[in-house]
Number of protein chains: 6
Amino acid sequence: MFTHSKTLQFTARPERPDPLFAKMLQEPLGGQWGEISVMMTYLFQGWACRGPQKYKDMILDIGTEEIGHVEMLATMIARLLETSPVETQEEAAKDSFVGAIMGGARIEDTILAGMNPQHVIVAGSGPRPVDSAGNPWTAGYMTASGNLLADFRFNVTAESQGRLQVARLYNLTADTGVREMLSFLLARDTMHQNQWLAAIKELEEDGLEETPCPSNFPQELEKTDVSYVFINASQGEESKRGGWAKGPTPDGKGKFSYAAIKPLTKDDGTLGQVDPRMYGTPQAPLPAEAAE
Amino acid sequence: MFTHSKTLQFTARPERPDPLFAKMLQEPLGGQWGEISVMMTYLFQGWACRGPQKYKDMILDIGTEEIGHVEMLATMIARLLETSPVETQEEAAKDSFVGAIMGGARIEDTILAGMNPQHVIVAGSGPRPVDSAGNPWTAGYMTASGNLLADFRFNVTAESQGRLQVARLYNLTADTGVREMLSFLLARDTMHQNQWLAAIKELEEDGLEETPCPSNFPQELEKTDVSYVFINASQGEESKRGGWAKGPTPDGKGKFSYAAIKPLTKDDGTLGQVDPRMYGTPQAPLPAEAAE
Amino acid sequence: MFTHSKTLQFTARPERPDPLFAKMLQEPLGGQWGEISVMMTYLFQGWACRGPQKYKDMILDIGTEEIGHVEMLATMIARLLETSPVETQEEAAKDSFVGAIMGGARIEDTILAGMNPQHVIVAGSGPRPVDSAGNPWTAGYMTASGNLLADFRFNVTAESQGRLQVARLYNLTADTGVREMLSFLLARDTMHQNQWLAAIKELEEDGLEETPCPSNFPQELEKTDVSYVFINASQGEESKRGGWAKGPTPDGKGKFSYAAIKPLTKDDGTLGQVDPRMYGTPQAPLPAEAAE
Amino acid sequence: MFTHSKTLQFTARPERPDPLFAKMLQEPLGGQWGEISVMMTYLFQGWACRGPQKYKDMILDIGTEEIGHVEMLATMIARLLETSPVETQEEAAKDSFVGAIMGGARIEDTILAGMNPQHVIVAGSGPRPVDSAGNPWTAGYMTASGNLLADFRFNVTAESQGRLQVARLYNLTADTGVREMLSFLLARDTMHQNQWLAAIKELEEDGLEETPCPSNFPQELEKTDVSYVFINASQGEESKRGGWAKGPTPDGKGKFSYAAIKPLTKDDGTLGQVDPRMYGTPQAPLPAEAAE
Amino acid sequence: MFTHSKTLQFTARPERPDPLFAKMLQEPLGGQWGEISVMMTYLFQGWACRGPQKYKDMILDIGTEEIGHVEMLATMIARLLETSPVETQEEAAKDSFVGAIMGGARIEDTILAGMNPQHVIVAGSGPRPVDSAGNPWTAGYMTASGNLLADFRFNVTAESQGRLQVARLYNLTADTGVREMLSFLLARDTMHQNQWLAAIKELEEDGLEETPCPSNFPQELEKTDVSYVFINASQGEESKRGGWAKGPTPDGKGKFSYAAIKPLTKDDGTLGQVDPRMYGTPQAPLPAEAAE
Amino acid sequence: MFTHSKTLQFTARPERPDPLFAKMLQEPLGGQWGEISVMMTYLFQGWACRGPQKYKDMILDIGTEEIGHVEMLATMIARLLETSPVETQEEAAKDSFVGAIMGGARIEDTILAGMNPQHVIVAGSGPRPVDSAGNPWTAGYMTASGNLLADFRFNVTAESQGRLQVARLYNLTADTGVREMLSFLLARDTMHQNQWLAAIKELEEDGLEETPCPSNFPQELEKTDVSYVFINASQGEESKRGGWAKGPTPDGKGKFSYAAIKPLTKDDGTLGQVDPRMYGTPQAPLPAEAAE
């Protein structure tokens, strides 16, 4: 069960409206690696957790914090959209030179065209649950497998991709209010990368999981002769120069070797005859047929 | 540029047809963490790589191998579908008792209903580019950011989630042919988890990237007072018992602390007035208005 | 900012596992009219609200409650999946008659085939952010326009469609634990239908909005001669018998009339010439052309 | 069965081409609340109607009219795209100052970039079945439940959101031809809001349905002690000031009360043990295991 | 503008309900190659047509007919769902043996599990705008390019894939009423394949378009030395045995030749340096940097 | 199994960066008719082929070549994005006049707004698996039915739509490097249109398939009296002037006739009573009811 504090976790107030940056800021809100994705991912991982309570509590703590990050971004975007683009149009329209150079197109359309048009038409100057290209958020972005090592690896990724995107956005604005909020999100992403890395270490120390994940599957059932072979699938051997091609493997259970790709079978993928009632193309002409 | 060997990388031949398992085996083919996802992810990461050549070559080697894994799964599914369900229907229909217990429903429909119906209707006993629930594969599953640490973390995740799903599928079939192929995929997933972990270590040793990722963003620009604080957002402190709540942080740059969630601002998210030509709900009644 | 209570809002414990009902219960969790949809809809409407504070607070109160409903459904589904289907398989496999009647298909596959296979393969007996047919939740389901009357009408709809689905699900299970939770959701849907209807009345009484919505658009700018005409587009006049074809209109501003459909223009939709560099099909053959 | 009149229902001719407005006008064509959505929604509701004939006929009359609205918008967009952007480019390119200020970018690209590029590349100056951000229309937008009250509430919403968007678009163009068509659509939306409100009243008067919808579910089976309670999930009580917090409820069956959120259970959502063959994270280390 | 006849184009009445076949029959309604796809495709092609009137009229005639086919399928599915599955459950539940063999699962759930659960939960025994796997119809399936040859080729495909699916469905039911309707759809698909092939011939005879499409692009601007070469990308030369590897080409403008794949460039795809403010992985370590 | 050549099939190097054209060039990479679509389509058709080996080999040869085309486009887009937009911003920012005319918006935002923002934020100057409007590629675009005639018709379409789009893109850039690559793709599309047309002819000559496809379905089972009738669904008879309305049909099995649309049944689509436990709207009021 959840409760709401009317005060935000951190300030979300720009110096001035900027509808074009509002469009870009949709990425960390509703993009593949945005705050909705981590909020939903952590909440579902927590609700599905069958492991020790310290993990379940930890996951839900951060999932709950992320709802507040979605709130901060939604608020910031609403404020970046506060000056009516219609207003801006009218100001601009007074400059007749501008109209001229746009070759007959109206300057107000040009500014609007740079925006996400749904910020005006659909949301009336409000935030949208979409990414910076306007794609609606989808649950296809999130992950909760029941295996905490597999999931914590996803979480480290999400915090890395997320921090990377926020860092790029920091470079795309000079608004000190926006940068203030981004610097908060960057710091929390730093924490969360560290947190999930620490949690991975803890899982291993608790003896609950290790590489190769899932470690509870009996490894002798896998085709062990290819478990530690790097396969070179191109001409040239630049890929042989890395730590993945020789030496002990990170799981401490094998040694890397390096080999050219080759078939380990004579199976050429030939399929059997088509059932005539499927009307697929057969090896040779068949009489017409239907089920009775 | 790519070339094709007519022989598969590894055998993909079941003991016998099994249309219901064919549906399940779509998950590692066309699911969020299936072979199409890793194939496309690695190829795009490789093509976009601006780092040292050994990384680019390595990424494309594995990406190229994965095309062959897609081929193996597609072939296996086609073979699992080879006995016509229509045939099975006719056999089953002879057993009048069966008809009776299904309460008037036809047994052939019942078997078909357990299948992915598109295996028959759309693909005529062929594989589909979808997951086990029938959702088409989407590029929203893949990731290529240009930052190799962020991406390699994704890749470790993909190989972990993928191996987890294959291990579960191993338990859901007793077909020795299918299990043989799954044991090959399990082994390659073991390799690939190790490979990406080794590559992450190499990136760090090469001085190209480290935690917090992206490390090239000047960390003093983030809100450093919350960079290493675990925030407890629920009553109770079970989450305090983990390694993420105290001690040095994995990035070696800080120490974890633990604090209850609280607002760090007085900002309550109140927005400004609505532009009347947006027709949003205002604070108080407004006269009707339109642009001239 | 949000905080989490470890105790659920209401009990979510079934009498016994039922993986097939777990699939169906995904509809009110991740379907078009499920709890994720109302949670996200109300939160975004609240964060974007520029109207009086009582509305903003009310919307966020219910949005916050809905997060807890998502939690209850996720928990219930996890519990319905708790008995391993693998276990069930083994029990069933002992019954050789069963194997016989399924015509060679394994009974365990048949049971699994009735499940959402991703409950096993992807989530390892956990809930999924999808609907009962397995489609991932998408933000294309939600609505937040900035106009509270338009949005509250959506909200009444969502609570009606949602209550309808829960009522149908009530009929599809005999599990008293599941029914107990559904009876809680039904009651809250009753409240929320009433709540949004009361809020619509309040909006009108506060003079903020009325039919036709948006009321702030100057109605004289619309083509008023067709503002209150019912258009009969088929042969026969059964549609004339309803209250929408005669008498005063609900907005109190007109009277319904009834007329057969007919063109109000001579415009036949003919388009202009194609630009030759678009390579569309022209009226008559054109010479080959490209931009220089 | 349907027939087509070659004349449009209403004129759809702009004063002049405007490729940027063509992009925006995609919203009422192919957006969540656009004409394709209402066309498909009403047709499916009509075809699935099991209620009195007057309702079925009425629903299909309006569904049929909406096909013609899709036609009008498609035609208008095709005409707004009629001047080749390539032509415009050439005109613009003559102005060397323009080239200078764009920092080396070509002005024609700038204009094209403001367009939906698929209007040129994919459709060759034709309309697209997408919204203003370029997302393809999806049937996830439409609704047909078999319960006419639930569906008519959706229909009122659709006509409200639709009219709101058209009103905003009216403000974003000064083209008198476009505005003429929008004023027709605004008027029909006025009619259709009134029509669905009248139909809801009729359903109630006919004794077929009422609040809470579905009214045929025995209300004593719901958890009646929370059926009329407003739950305050945040600090502060602004939400107590509305008509949803006290007084009789709109369904005439209860009285609103107001209470702080609290758990109505001791259930803390703890799940049972994980099945070891799911390879989820357990409470404590387990030996490796697979199905035989 | 469109009008509706209350009588269907052809009978759509099954002998008896069959909820499992109703699920399958969704494919020709809402699948990639179903009737909604051709209806929308033809209507958009017609509305966007800038060629001779005989084509525009022909395209819209068939598009209008297809609306009626959607109606027939929707009606048939509603009728196949008419017996309540709940009823069927109760009948079945009397057979105690059945309960036994399902290992504790309820037989009614098993039947329901074979259905599309949304037929009950969402649509209340009505049709759904989805395919046989439950995926919502999307406009990503349709095509309207403005070039009639490219589009008519799509249309021949759609009628071929569609007829193929209907033929397969004919084999999956023994219901004479359903087969009667399918035999009508098969005949119309026969007509429409012929119709689009005839239209392609006419386009060529009218001099409006030919192979390679678009023929109005000056062919000398293409890299003509590879315009008629079959490229063998695998070991072995089975592909040399076909008519695509030798002899005159169908466009009458060249001769097929056959060659092994090889690079026609020395370009190895190496990219330039990463911009440091993108935080991508560079060739060598860089100092931390941000925009000022 | 596949192997990779480090050298591209053809040069993919622009004269100069152009982030706006990079956005447009996403269409032939990740659009409905882009190279990912044909790559995946041909690979799946080949892997599922049950016909003669010459077809299977041919299909996989071209599928393999297409992987290399995806590589070329991905490389070209990465290079078009190589100059940092941030850099361009700074240059532009020096021109104070520009800032003035944009009405307060920053010029760098204006340029960025014309880009696909994900090229910067998500991919860090790399290619994206999306179309020119930013929609992620989906497997809903591809087709593999098992019937080679149906599929080859799709393939001709794909090469036609693809060549059409590339021709349009040729007109939208003046960059000689980009045009060089496009001229290569245009030539290969010419080849591939011819190739699939030749393959269709071969299928017919081999007696494997013909019109109406699938030809193996017994044509006497279709409703033959409407197999060759053109149905006029609108007033006026322009559609009578084409070759589809008279004369022998392309399949050589009939003659076209022309008739006005009319119902061939008295079925008016009326449905049966609603099951009361579905809570759909009935013909007349019913008592409340639930399953026991």
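Modeller: Let's start with a term: a salt bridge is a side-chain nitrogen of Lys or Arg within 4 Å of a carboxyl oxygen of Asp or Glu. You're looking at a predicted model, where local features need pLDDT of at least 70, side-chain atom pairs count only at pLDDT 80 or more, and totals for chains, interfaces and linings use all residues. Residues are numbered from 1 along each chain as its sequence is written, chains are lettered from A and ligands numbered from 1 in the order in which they are written, and side-chain values use heavy atoms, with hydrogens and water left out.

Biologist: How many salt bridges are there between chain D and chain E?

Modeller: There are four. Over all chains, the count comes to 78.

Biologist: Why is the pair Asp57(E) and Lys6(D) called a salt bridge?

Modeller: The closest N and O atoms of Asp57(E) and Lys6(D) are 3.1 Å apart. The rule asks for a Lys or Arg nitrogen within 4 Å of an Asp or Glu oxygen, so this pair qualifies.

Biologist: What lets such side chains pair at all?

Modeller: Side chains of opposite charge can pair when their charged atoms come close.

Biologist: How do you know that chain D and chain E really touch, and how many residues take part?

Modeller: Contact means heavy atoms within 4.5 Å, and 44 residues from chain D and 44 residues from chain E take part. The two chains bury about 3700 Å² between them, with 65% of it on carbon and sulfur atoms. That's buried area: the accessible area (1.4 Å probe) lost when two parts are put together, summed over both. Met1(D), Trp47(D) and Arg50(D) supply 20% of the area that chain D buries against chain E, more than any other three residues.

Biologist: What makes β1(D) and β1(E) a strand pair?

Modeller: Strands are DSSP runs of E, at least two residues long, while helices are runs of H or I with at least four, all numbered from the N terminus. Two strands pair if DSSP finds at least two bridges between them. Three bridges join β1(D) to β1(E), residues 2-4 of chain E, in an antiparallel way, so the pair passes. Within it, Phe2(D) has His4(E) as its bridge partner.

Biologist: Now chain A and chain B. How many salt bridges join them?

Modeller: Six. One contact between these chains pairs Glu180(B) with Lys223(A), at 2.9 Å from N to O. Another salt bridge, at 2.6 Å, joins Glu222(A) and Arg163(B). Glu222(A) lies in the loop between α10 and β2 of chain A and Arg163(B) in helix α9 (residues 148-171) of chain B, so the pair joins two chains.

Biologist: Are Glu222(A) and Arg163(B) buried or exposed, and how do you know?

Modeller: Buried means under 20% relative accessible area, exposed over 50%, and partly exposed in between (1.4 Å probe, protein chains only). Glu222(A) has 3%, so that residue is buried. Arg163(B) is buried too, at 0%.

Biologist: How much area do chain A and chain B bury?

Modeller: About 9200 Å², of which carbon and sulfur atoms give 58%. The contact takes 110 residues from chain A and 110 residues from chain B.

Biologist: Why is Asn232(E) called buried?

Modeller: Asn232(E) has 6% relative accessibility, so the residue counts as buried. You'll find Asn232(E) in strand β2 (residues 229-232) of chain E. Leaving aside neighbours within four places in sequence, the contacts of Asn232(E) include Tyr258(E), Ala259(E) and Asp61(F).

Biologist: And what makes Gly34(A) buried?

Modeller: Gly34(A) sits at 2% relative accessibility, so the glycine is under the cut-off. Gly34(A) belongs to the loop between α2 (26-30) and α3 (35-47) of chain A. Not counting residues up to four places away in sequence, Gly34(A) touches Glu27(A), Pro28(A) and Leu29(A).

Biologist: How do you know that both faces of β2(B) are covered?

Modeller: Val229(B) and Ile231(B) on one side, and Phe230(B) and Asn232(B) on the other, are all buried. β2(B) also pairs with strand β3 (residues 257-260) of chain B, in the parallel sense, over four bridges. There, Ile231(B) stands opposite Ala259(B).
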